[in-house]
Amino acid sequence: MDTFWSIAGLERNQSNGIVNVYWLVQKEEEGVMGSYNDFCSFTPDLSSVDYVSYENVTEQQVVSWVKDSLGPAKVLAIEADIDKQIADVITPLSTGVPW
């Protein structure tokens, strides 16, 4: 299954600029769910041509902002962590002693 990025919540300032984004990443494999969540802070620039107000933003845009903020290496590390969570449940380590 694909890794699914979503937005759990937004906080905005008085100008309706988004300042905090609470995000979640999930993946399910063989009935086992792995997840990772965190938040990013932003400083909206109302004068920017790329500025999008709270009323006009889409989840897809915000996910893109989060991934851009994290950078490709961190995005891959988060997705690898989720894969490891799932793998640890599907194929747990064996314990015990040989005697």
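Mentor: Strands (E, at least two residues) and helices (H or I, at least four) are DSSP runs, numbered from the N terminus. Asn-20 lies in one such run, strand β2. This is a predicted model, in which local features need pLDDT of at least 70 and side-chain atom pairs count only at pLDDT 80 or more, while totals for chains, interfaces and linings use all residues. Residues are numbered from 1 along each chain as its sequence is written, and side-chain values use heavy atoms, with hydrogens and water left out.

Asn-20 counts as buried because its relative accessibility is 15%, where buried means under 20% relative accessible area, exposed over 50% and partly exposed in between (1.4 Å probe, protein chains only). The side chain of Asn-20 has a polar contact of 2.7 Å with the side chain of Glu-11, and another of 2.7 Å with that of Ser-41. A polar contact is a pair of N or O atoms within 3.5 Å; within protein, one must be able to donate a hydrogen and the other to accept it, and residues adjacent in sequence count only if both atoms are side-chain atoms.

Contact, in turn, means heavy atoms within 4.5 Å. Leaving aside neighbours within four places in sequence, Asn-20 is in contact with Gly-9, Leu-10, Glu-11, Phe-39, Cys-40 and Ser-41. Cys-40 is also among the residues that Val-66 touches, not counting those up to four places away in sequence; Val-21 and Trp-23 are others.
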